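Hello,

Here is the structure for you to look over. My notes follow below it.

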Amino acid sequence: MLDVILTGSVAFIITFLAIPVVLQIAEIKKLYDIPDQRKLHKRPIPSLGGIAIFAGFFLASLLSISAYSSPEFQYFFAAAFVIFFLGLKDDLVILTASKKFAGQLIATAILVHLGGIRLTSMHGLFGFQDVPEAFSLALSYLTIIVVMNSFNLIDGVDGLAGSLGIMTMVVFGIYFYMAEEPAYTLLAFALVGSLLAFLIFNHHPAKIFMGDSGSLMIGLINAILVIKFINLADSPTALVHVESAVAVGFAVLMVPLFDTLRVFGIRIFKGVSPFTPDRNHIHHLMIDKGMNPPSVTLYCLAINLFFLSTAFFLKGLGATSLFLILLGSAFCGLAVFYYRRSKSKELVVSKIPGAVLNGEYKQPSKLVPLTKESAIAEQN
């Protein structure tokens, strides 16, 4: 327990001290996330908080987790490096969806083929157990990429992604502590410490955003832990066996995961790319009903905790029944929000045109220098 406290404390202190430095650099370089018609914030805000989160999480993990006793963690950290720098570049210069997807595939390949983070069974879901290797690989890649992007897409309201990340990390951390998996426990609570420090600066009205470098990394760590949880908790020899582990794991990530799958489905149905930005996320629906950002964050946390509690108490029903109950409840709850919105919103596609200079296409920057004239325009 002392190791857990020390790891979380080190991560908290490093992130807490790093954020003012990041804010100062953003001010000097005039790098801000400029609001548009799809975003909820009304003033330019730095979105480089992922740098501080990664610094605290990574250094605390390196100091506490032994590479000798847990050799797979070297590949976890390698994948985290790939995702961090991929997200950081997207925070500074807009990346195309194909480039972001390629970077995510590289990180996922490291986890699956080198780190051993892989789903080799359906764990009783829909009556299936062991699956062919090709299906296992496809399922593992899909799970990691979807979970990774779920936290990236839910990061639309002050404090929301960070709060959900803390909740999921605490749940996984407690389980791995009870299951006597110290390395995974420390990994979870290192991120808890970093996110707690970040939320001090990210609560409404936020002074800084985590950006893709932060949200994608939170998703990556959640993907690692949820797959490890499912494989371990469903094992008959596990120190802490959990019935219907695959459905319980889904419930832990219910709000970001369900929202991502729903929005991806809507976009594909409309004939656009799943990565096309819009205003169809659950936090957009809540804002459109007149809720303020703190209420949205608390409401989403309460919803996620409700589904987690439901899964815990009904885990004896079996993975398939519990999974269908969770999905059915989520769709029913969503229908109430969707059809009782105060005003409907159409699909909004955010386009930032590039420029052709000297015969070459120049990709625009997401974080742009804020001039005095543009600041006045933003305030008006």
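Start with serine 244. At 9% relative accessibility, this residue counts as buried (under 20% relative accessible area, with a 1.4 Å probe and protein chains only; over 50% is exposed and in between is partly exposed). Its phi is positive, about 50°, although serine 244 is not a glycine. Serine 244 is found in the loop between H8 and helix H9 (245-252). Helices here are DSSP runs of H or I, at least four residues, numbered from the N terminus.

Before you go on: this is a predicted model, where local features need pLDDT of at least 70, side-chain atom pairs count only at pLDDT 80 or more, and totals for chains, interfaces and linings use all residues. Residues are numbered from 1 along each chain as its sequence is written, and side-chain values use heavy atoms, without hydrogens and water.

Histidine 123 also has a positive phi, near 55°, and is not glycine. Histidine 123 is found in the loop between helix H4 (97-114) and helix H5 (133-154). It counts as buried at 10% relative accessibility.

Leaving out residues up to four places away in sequence, phenylalanine 229 touches Phe172, Tyr175, Phe176, Asp234, Val242, Ala245, Val248 and Gly249 (contact means heavy atoms within 4.5 Å).

Best wishes

Technical notes:
Helix = DSSP H or I, 4+ residues; strand = E, 2+ residues; numbered from the N terminus.
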